[in-house]
Amino acid sequence: DLHWGAQDLVALAAAGVARWRTPEAAPPASLAFSLGLSAASEVPEAERATQGGASAVMVYWAIELEAGPLADSPWSLALRLHHRSSAYGLFNDKGGSNAWLIGLRRRF
């Protein structure tokens, strides 16, 4: 991820993903959960400002809902909650952030 504007940093996340998809007869949709680590080039300003401290490396998890208009369409909409967490003191006593993302996805 590249962030710019209120904060300028680079963040990398490595996570395992479990995804459930609707059967082919149903309208196309999926629900996914990701869990792993997130490493930022610096502690994000949003986390420093709200938590009074944080760590550049934290636990990352996300939950995502994706829905497509038609089974044969390559387009879909995705809504994701992206969370960085100190994992109850594993990485730091404070810190963490939430971000809601909405996106338009095209399959190739």
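**Salt bridges in the predicted model**

As background, side chains of opposite charge can pair when their charged atoms come close.

I would like to start with Glu64, which forms a salt bridge with Arg19, where the closest N and O atoms are 3.2 Å apart. Glu64 sits in strand S4, residues 57-67, and Arg19 in strand S2, residues 9-21, so this pair ties together parts of the chain that are 45 residues apart in sequence. The two partners can also be described by their accessibility: Glu64 is buried, at a relative accessible area of 4%, whereas Arg19 is partly exposed, at 34%.

Staying with Arg19, there is also a salt bridge from Arg19 to Glu66, with 3.6 Å between the closest N and O atoms. Here again distant parts of the chain are linked, since Arg19 belongs to strand S2 and Glu66 to strand S4, 47 residues apart. Glu66 counts as buried, with a relative accessibility of 4%.

Coming back to Glu64, what is the distance between its closest N and O atoms in the salt bridge with Arg80? That distance is 2.6 Å, and, because Arg80 lies in strand S5, residues 75-85, and Glu64 in strand S4, the pair ties together parts that are 16 residues apart in sequence. Arg80, at 28% relative accessibility, counts as partly exposed.

To put these pairs in context, Arg19, Glu64, Glu66 and Arg80 are linked with Arg105 and Arg107 in a network of salt bridges.

Definitions and conventions: Residues numbered from 1 in each chain as written. Predicted model: local features only at pLDDT ≥ 70, side-chain atom pairs only at ≥ 80, totals over all residues. Heavy atoms only, no water. Salt bridge = Lys/Arg side-chain N within 4 Å of Asp/Glu carboxyl O. Helix = DSSP H or I, 4+ residues; strand = E, 2+ residues; numbered from the N terminus. Buried < 20%, exposed > 50% of the residue type's maximum accessible area, 1.4 Å probe, protein only.
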